[in-house]
Amino acid sequence: MAKNILSQVLTNLGLRKSNNQISIPFLLMYSLREGKIDDLPRALELIKELALYEKAPEQVTNTLEMMEADGFGANPVYGLFVCEKESTEEIIGIAIYYYRYSTWKGKRLYLEDIVVTESERGNGAGKLLFDRVMAKSLKANCTGMMWQVLDWNEPAINFYKKYGAALEAGWLNAHLQDYEIKELLKS
């Protein structure tokens, strides 16, 4: 009888028994919170890890000073969630977002990046971060949220497909760097 009660308690807590082992779901492995200024060094490390994964480490020109001013200064332009591993309190993932305006849809939340350190991928941290960002979009009265994913990043594409996300083809990204803008405006 005690064995059945233990089994029921484990089930109610979301713990599953398989092969006489208890697996701990990600809800008990990780905690989420709003990012703080003290989290920025680790956030920048994770951003650089993502850039390396995306084969573009040389393109990261962001600095701690820029992140502090842009996220925690007088007029913050982005929000930050961090995911910590419960056992170590180490930040293992981040989500960075901001708001944009669509002439067709109105206020939208733009998910700039979700980054989970490589050793923790596939354990549910990305889902927790994505779910938190979705909840933030609703709390902020957004009409939806948007993000980009590289066309070769199959793990990320498959992750977003699980949510039923529309992955659009036919749009090209365009950008100008600040030095290019300065040069163009001189002419």
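Start by selecting helix α3, residues 40–53, and look at what its buried side packs against: α4 (64–72), β4 (79–85), β5 (91–102) and β6 (106–116). Contact here means heavy atoms within 4.5 Å. Helices (H or I, at least four residues) and strands (E, at least two) are DSSP runs, numbered from the N terminus. You are viewing a predicted model, in which local features need pLDDT of at least 70 and side-chain atom pairs count only at pLDDT 80 or more, while totals for chains, interfaces and linings use all residues. Residues are numbered from 1 along each chain as its sequence is written, and side-chain values use heavy atoms, with hydrogens and water left out.

**Along α3**

Which residues of α3 are buried? Highlight Leu40, Arg42, Ala43, Leu44, Leu46, Ile47, Leu50 and Ala51. Buried means under 20% relative accessible area, exposed over 50%, and partly exposed in between (1.4 Å probe, protein chains only). An α-helix has 3.6 residues a turn, so residues three or four places apart point the same way.

Now try the distance tool on the end C-alpha atoms of α3: they are 20 Å apart, which agrees with the 20 Å that 14 residues should span at 1.5 Å a residue. The expected span is 1.5 Å times one less than the number of residues.

**Past the end of α3**

Step on to Lys55, in the loop between α3 and α4. Its phi is near 60°, a positive value in a residue other than glycine. Lys55 counts as exposed because its relative accessible area is 63%.

Continue to Ala69 in helix α4. Ala69 is partly exposed, at 46% relative accessibility. Select Ile37 as well: Ala69 and Ile37 are 32 residues apart in sequence and 9.8 Å apart in space, C-alpha to C-alpha.

**Across the sheet**

Next, show the strands. An open sheet of 5 strands runs in the order β3-β4-β5-β6-β7, with mixed pairing. Its edge strands are β3 (30–34) and β7 (145–146), each pairing on one side only. Two strands pair if DSSP finds at least two bridges between them. Strands of a sheet pair through backbone hydrogen bonds, either parallel or antiparallel.

- β3 and β4 run antiparallel, joined by 5 bridges; find Tyr30 and its bridge partner in β4, Lys85.
- β5 and β6 run antiparallel, joined by 10 bridges, and form a hairpin with 3 residues between them. Tyr98 stands opposite Tyr110 in β6.
- β6 and β7 run parallel, joined by 2 bridges; here Leu109 has Met145 of β7 as its bridge partner.

While β6 is selected, is this strand mostly covered or uncovered? It is mostly covered, with 8 of its 11 residues buried.

**Another positive phi**

Move to Asn141, in the loop between α5 (125–139) and β7. Asn141 has a phi near 60°, a positive value in a residue other than glycine. At 65% relative accessibility, Asn141 is exposed.

**Last stop: a surface patch**

Finally, select Leu176, Ile181, Leu184 and Leu185. Together they form a nonpolar patch on the surface, with about 420 Å² of accessible area, computed by the Shrake-Rupley method with a 1.4 Å probe, where for residues only the protein chains shown count as cover. Like charges are joined within 9 Å, and nonpolar side chains (Val, Leu, Ile, Met, Phe, Trp, Tyr) within 5 Å. Zoom in on Leu185, found in helix α7 (residues 178–186): it is exposed, with a relative accessible area of 69%.

Technical notes
Patches are made of residues with over 30% relative accessible area and no salt bridge: like charges are joined within 9 Å, nonpolar side chains (Val, Leu, Ile, Met, Phe, Trp, Tyr) within 5 Å. A salt bridge is a side-chain nitrogen of Lys or Arg within 4 Å of a carboxyl oxygen of Asp or Glu.
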